Structure formats: C-alpha cells, structure tokens
Amino acid sequence: MSAPAPSTAHRTRTSTSHRLRVMGGIAVSILFLFPIYWMVLTSFKQQVDIFTTPPKFLFIPTLETYIEYMQRADITRRLVNTIIVAAGSGLLSIVVGAMAGYALARIRIRGAATFGLLILLSRGVPPIALAVPMFLVARKLGLTDKHITLILAYSTFLIPYVMWLMRSFFLSLPRELEESAMIDGCSRYGALFKIIIPISLPGLLSTLIFSMILAWEELLFALVLTNRHASTIPVAIAGIAGDTVNGANWGALTAVGTITVVPVVVFALLVQKWLITGLAEGATKG
Amino acid sequence: MSTELAKETRAAPTRRRGRTGDLLVRWSFMVPAILLLAVMLAYPIFYTIDISFSRFDLSSFGAGEWVGWENYIEVMDDYRFWESLRVTMVYLVIALPLQVVLGFGIAFLINAEWAGRGLIRALFIIPMVVAPVVAGGMWRMILDPLWGILNYWLGFIGIGPLDWFGDPTLAMAAVIIIDTWRWTPFIVLIATAALLALPKDVFEAAKIDGANWWSTLWSVAVPLLVPVIAATFVIRWLGAVKMFDIVLAATYGGPGKATNVINLFIYEEAFRSLRFAESAAMAVIVLIVTMVLTGLFLYGSRKLEELF
C-alpha cells in the first residue's frame, strides 16, 4: 500500500468528519424526540404496564386512559375552549398586528417609530404584572371565565409578536409593488388587499399558526382568568401534573398531554417550510 | 395654460381634503393595535402600579387607601423575595448561554449535507410546539426517581438513583434540562438558517490560507454570526424571564423553595395568599428590572452588530 496522495487524504478526513456530523445530528434528534415518543407510548399503556422495572417498550396497547379521562376531567369542553380561544386570539392578532406591522414598515406616521419601540419593549413585560390587574378588573366587570377575556388577554403578547414578524416581512417586499398600484389609482387599503396580502400569504399564515400555537399552550392567564366554563387544556394538565406529587397519575398526564400535543405537531409539520423561514426572518431581520 | 391653472385651483381643496383623509387612512392602520394594547397592556400596568402603592381592600377587591412605599419596603424586607430572585438568576445565567451554545452546535451538526437533512430539520420543530406545561409534566415522569426511565438508564452506567425532585441542586438541574429541551430546538432552527446564510467563499479562503478548524471557527464563523447570536440571545431572554409553566408542572418551586422562580412566587403570593398589594409591588420591581435589562441587551446587541 502506497501512501495516499494528500488530496485523497484530505477528502477522506472531511468525509469522516462529515459522517460524524451526520451521525451526531441523528443522535441528537433521537435524544430530543425520545421524551415525546415516551409520553405517547405511555398514554397507550395500562396502569400495570406504566409502573414497571425495567420500563416496558412492548405491551398490549389500550385506549382505556383516553376513554376514562375524556369523560372525567371535562377534556372535551376544555378542548373546545382552547380551540375557540386559540383561533379567536390568533385571528384578532393577525389582523390587528399585521395592519400595525404594515404601518410600521411602509406608512410614514409621526410617532410610529416610538410606538414600535414601546411595543418591542413590551415583549419584556412579565405576564404576572398583567395577570394580577387583569384578574381584578375582570372580576369587577364580571368578565372572568369568559372566552373573550382570554382572547383579549392573549392579544397582549400576540399583537406585538405578529407586529414585529410582519413588519420585517413587509420590509422585505419591494416597495414598487404598492407604489405602482397606488399610481394606478388603488387606495392604501386597495393596495394592501389586492397586492400585499396575496403575496404575503405564506408569511401571514405561518405567523397566524404560530400565534395560535402560542395561545394554545398558554397557562398563566388561563389559570388566573378562568375557572370552569372557559378553562383550557393547559390548566387541566397543570392540575394533573400537580396531582402526581401524591398520585402519580401518569396515564392521565400522558393521555391529555398527547391530545394537546398531537394536533399542534401535525399543524406545525404541515406548514414547516413557512414556519422555518418565518422564524428565521423574524430573528435575523427583527 | 389658463385651463391648466383653473384645473389646479379647482383641484386644490379636494387635495387638501384628500390629505386629511389620507392622514386618517394612515392612522387607521395603527389605531386598532394602539387601542387594544392601551386597554389590555398599558392600563393593567398602571393599575398594578396603583395597587402597589395602596393597601389592598379585600372587601371591595380593589386598591384601597394610599400607603406610599409601604408595600415596597415590606417586599424588600422579605427574604423569600430575594431568594426567589436568586433562584431566577441562577436559572437564567445557566440556561440561556447553555441553550444558545447548544442550539448553534446542534445546528452545525444537522446542517451536514445528506439526504435526511430536511427531515431532521422538520423533526426539530416538534419539541418546540410541545406546550411547556406538557413538557414539565412529561419530564416529571421521565425523571421520576423511582419509576422514571432516565434513572433506569443512568443505573446502567453506575449513576444514581438520582433524586431529581428531592435534592435542591438536582431539582434546579431538572428544570434547566426541561427548559433546554423545550427551547433549544427553537434556537437550532434560527441558527440553521443563519449558518446556511453564511458566505461560502470566506471559508474557502480560510481553508486555502491554511487556517485550522478552530481558528476558522473563532476568527471567521463566530464574528460573522455575532449579530444573529446576539439577536437569538435577546429573543430567548424575553421568553426565559417569563419562566412559569415548566416549573409549575415539574417541581412547583420545590423542594422547599429551590426552584421557586419569581413568576411562580408572585403568582402564589397573589392568588393563594391573596396578598395583592405586595404582589403588585414585586411585579413592578420585576417589571422595571426586566425592562432595564431588556433595554441593555437590545442596546448591546445593536452595538455588537455595528462592531462586527
């Protein structure tokens, strides 16, 4: 065997390191996905299969926990509530936030920049500083435990989020688009609806979906502002998880957890391409 | 010429009306957001400040008489408040850098070009959309000292059994692990895009100049990435100061007060102990501290961007 030429040696080394990178990437992905896999798996176990040493990977799957828990903890009603609140606050925020984001990106208004900066800073407001007064005011006005209260409460963090994402999205569009439309006699709203919105649909949609996910999983406001009628799924999970201190009700925890996670995961994977670009743009151009 | 002029004069009033009309149209884009945020964001903040300077009247469930700085003095004397701030600090100081470094490291790994790259990138979205409260509960099960699968596996390599939720240090470690699991994928996705956007030729040039792997990383990649890293840090900071759900589901602040982050502490004081005035005072303090730090971080990241 003769010594390989330097260029070949170089190539083999890069391909080894490349292979290591690929394997490392796969290993890390498995590591990150395993907890979810384990949760879903556990949700299909019978109580006797949950508490075992060694932990069981093979067992006869059952829907027992789902059936039992769907009836017991008002899960169906909570699911409906969560959908109403997530859709409501997501839609409200995308309309209001995208309009403001468009204004910040394209329309010259005196004082708009200051307002934009204030809103950016508002993303640092700890929700607990809002939860206390919201609870007190809602209680006084008889608005606790209502969907609309949660929808409005969620808009406090969703509108700033949408505004900044959509602002950078609109900034990335060529200015000539609306300018030529407006020269052709379109009003500002005409230009927005006929030209900008159709082009921005991917960005709008991914932002909407992400806002709905943020609303879907919100806990603090839901905990504070609802108790029975409008209570959401995360509140139920917090309750079950809190119970495990004594009871360790893992069947219920994993079943309700799976119900919460699966629709969102499906949704997110459906629009993953848009989600990734939306996220990346929000971070790098914000 | 004269007809032109006549047309001008006739058009003038309409145009002026058009200009005010245009101003209204311009503002109409902003007004809904301003109104909503004024009612739901600005007003509650002022109300919190109002309560923090009052004695809380439990009969009317609102701000009572003005007591000046009394609530603030009481809160400042409360060792639990300081303890909770310390716990929050420990969490932030460890978790934030850890997640940013891990996020960029993993992004480097999964950016290796091969057939499954797109799939792996998509899979990294999944942990990101698991509700934090679910993540907390799920990991509570995985880390369970007796039945948890992690302790079972750690047993094989001679570690443990670790009492994840009984030992103060381990409980903090558990919270950081869960938080890192939940949030690192978010940074991975941002970092992946940032890495892909890096100009290729600079690295080619470094390779031709004989730069080794380490110096390429430190003198080429990191300076190019600094703006994104700074931006990612700020975004993650904005999320991390809101830490609540994971702790609530996983440890509920325990054991003792070892993981009792400030948001949970204020929540408990307000809604369990009904000490609304003191909670409001704490919320105002936390609000000011976060605002100042957020401002500093934003300023810092802008400065870094100019520097590199």
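What pattern does chain A follow when read along the sequence? Chain A follows the pattern α-α-α-α-α-α-α-α-α-α-α-α-α.

## Basis of the description

This is a predicted model, in which local features need pLDDT of at least 70 and side-chain atom pairs count only at pLDDT 80 or more, whereas totals for chains, interfaces and linings use all residues. Residues are numbered from 1 along each chain as its sequence is written, and chains are lettered from A and ligands numbered from 1 in the order in which they are written.

## Chain A: composition and domains

Chain A contains 13 helices and zero strands; helices (H or I, at least four residues) and strands (E, at least two) are DSSP runs, numbered from the N terminus. Of its 286 residues, 45% count as buried, a residue being buried if 20 or more other C-beta atoms lie within 10 Å of its own, exposed if 12 or fewer, and partly exposed in between, with C-beta atoms placed from the backbone. Among the contacts in chain A with a separation of 6 or more, 75% involve residues 24 or more positions apart. Two residues are in contact if their C-beta atoms, placed from the backbone, lie within 7 Å.

The domain assignment divides chain A into domain 1 (6-43) and domain 2 (74-285), with bounds that come from an automatic or database domain assignment. The C-alpha centres of these two domains of chain A lie 34 Å apart. Five residues of domain 1 of chain A are in contact with six residues of domain 2 of chain A. On the domain 1 side, this contact has three nonpolar, two polar and no charged residues. Here Ala, Val, Leu, Ile, Met, Phe, Trp, Tyr, Cys and Pro count as nonpolar, Asp, Glu, Lys and Arg as charged, and the others, Gly among them, as polar.

## Helix packing in chain A

The axes of helix 3 (residues 64-72) and helix 12 (residues 250-270) of chain A come within 9 Å and cross at roughly 85 degrees. Axes are lines fitted to C-alpha atoms, for helices over the stretch in contact, and angles run from 0 to 180 degrees between N-to-C directions. Helix 3 and helix 12 of chain A are therefore roughly perpendicular (65 to 115 degrees) to each other. From helix 3 of chain A, A:Thr65, A:Tyr66 and A:Tyr69 meet A:Gly251, A:Ala252, A:Ala255 and A:Val256 of helix 12. The residues of this contact comprise five nonpolar, two polar and no charged.

Helix 11 (residues 233-243) of chain A is largely enclosed by the rest of the structure, because eight of its 11 residues are buried. Among the buried residues are A:Ile233, A:Pro234, A:Val235 and A:Ile240. Their cover includes helix 4 (75-106), helix 10 (220-225) and helix 12 of chain A, together with helix 6 (132-142) and helix 11 (245-250) of chain B.

## Chain B and the interface

Chain B is divided into domain 1 (2-52) and domain 2 (72-307), whose C-alpha centres lie 41 Å apart. Four residues from domain 1 of chain B and six residues from domain 2 of chain B form their contact. In chain B, strand 1 (residues 54-57) and strand 2 (residues 62-66) pair in the antiparallel sense over three bridges; pairing requires that DSSP finds at least two bridges between two strands. B:Ser54 stands opposite B:Trp66 in strand 2. The two strands of this hairpin have four residues between them, and B:Phe61 in the turn has a positive phi of about 55 degrees.

The contact between the chains takes 81 residues from chain B and 83 residues from chain A. On the chain B side, helix 1 (residues 2-52) gives the most, with 17 residues. By class, that side has 66 nonpolar, 10 polar and five charged residues.

Methods. Angles under 35 degrees count as roughly parallel, over 145 as roughly antiparallel, 65 to 115 as roughly perpendicular and the rest as oblique.
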